Amino acid sequence: MTEKAAQKNPVLVVMGVSGSGKSTVGGMIAGAMGWDLQEGDDLHPQANIEKMATGHPLNDDDRWPWLAKIAQWITQHTDAGRPGIVTCSALKRSYRDILRGENVVFVHLAGSRAQIGQRLTARLDHYMPPSLLDSQISTLEPIDSDEQAIIIDVGGSPVEIVEDILRQLEEIGY
């Protein structure tokens, strides 16, 4: 990255439905760039985790306190000028509105239901059951043209996806 771009210190919100690769990709970028990483799932209240683990999708009332915690993390980083990455499904525009700010870039990991469903069934240790994928897909609202975001197809390897993200970040001035 250029010196000017490095001074912007972005916070990336790596977003998408469960199973899209948020944790893998976010972790790889954080490791490669030396940026802080916050797993959004770790900020869920226990009641949300239990609800999802029993196969019940979260509703907006469940998500607002969780999104407030993520927004707080983002604000702490942007106010301090520290780059970082947070993983968060950020499925609706209204959720992204809570998270957005100066130097916040949404990185939407997008793929087909078949691709992501296959990934979900291969996961061994996550509380989010594959049965909730359809509810997440139906909740997902596409990125609007006025949102600072890049959209990445999850069809490639994790290394290819990370390289694509870093290339696109540089193209938009980060």
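Guide: Let's start with helix α4, whose buried residues are Asp62, Arg63, Trp66, Leu67, Ile70, Ala71, Trp73, Ile74 and His77. Keep in mind that this is a predicted model.

Visitor: How do I read the spacing in that list?

Guide: The general idea is that an α-helix has 3.6 residues a turn, so residues three or four places apart point the same way. With that in mind, look at Trp66, Ile70 and Ile74, which are among the buried residues of α4.

Visitor: What covers the buried residues of α4?

Guide: The cover includes strands β1, β2 (36-39), β3 (84-87) and β4, along with helices α3 (46-53) and α5.

Visitor: And how far does α4 reach from its first C-alpha to its last?

Guide: It has 21 residues and spans 29 Å, close to the 30 Å expected at 1.5 Å a residue. Just after the helix comes Gly81, with a positive phi of about 70°.

Visitor: How should I think about a nonpolar core?

Guide: In soluble globular proteins, nonpolar side chains tend to be buried together. Here, the largest nonpolar core has 23 residues, and Val13, Ile70, Ile74, Cys88 and Leu99 are the ones with the most contacts inside it.

Visitor: Which elements each supply at least two residues of this core?

Guide: Those are β1 (11-15), α4 (60-80), α5 (93-99), β4 (104-110) and α6 (113-122). Helix α4 gives the most, with six residues. Another core, of 18 residues, lies apart from that one and includes Val14, Leu109, Ile152 and Val154.

Visitor: If I pick Ile70, what is it in contact with, leaving aside its neighbours within four places in sequence?

Guide: You'll find Gly40, Leu43, Val86, Cys88 and Leu99.

Visitor: Now for β4: is it mostly covered or mostly open?

Guide: Mostly covered, as six of its seven residues are buried. Check the strands it pairs with as well. β1 and β4 run parallel over five bridges, and Leu12 stands opposite Val105 of β4. Five bridges also join β4 to β5 (residues 149-153), again in the parallel sense. There, Phe106 has Ala149 of β5 as its bridge partner.

Visitor: How far apart are Ala110 and Ile151, in sequence and in space?

Guide: They are 41 residues apart in sequence, yet 6.7 Å apart in space, C-alpha to C-alpha. Ala110 sits in β4. Beyond its neighbours within four places in sequence, Ala110 is in contact with Ile151, Ile152, Asp153 and Val154.

Technical notes:
Residues numbered from 1 in each chain as written. Predicted model: local features only at pLDDT ≥ 70, side-chain atom pairs only at ≥ 80, totals over all residues. Heavy atoms only, no water. Core = buried A, V, L, I, M, F, W, Y, C linked by side-chain atoms within 4.5 Å. Buried < 20%, exposed > 50% of the residue type's maximum accessible area, 1.4 Å probe, protein only. Helix = DSSP H or I, 4+ residues; strand = E, 2+ residues; numbered from the N terminus. Contact = heavy atoms within 4.5 Å. Expected span 1.5 Å × (residues − 1). Pairing = 2+ DSSP bridges.
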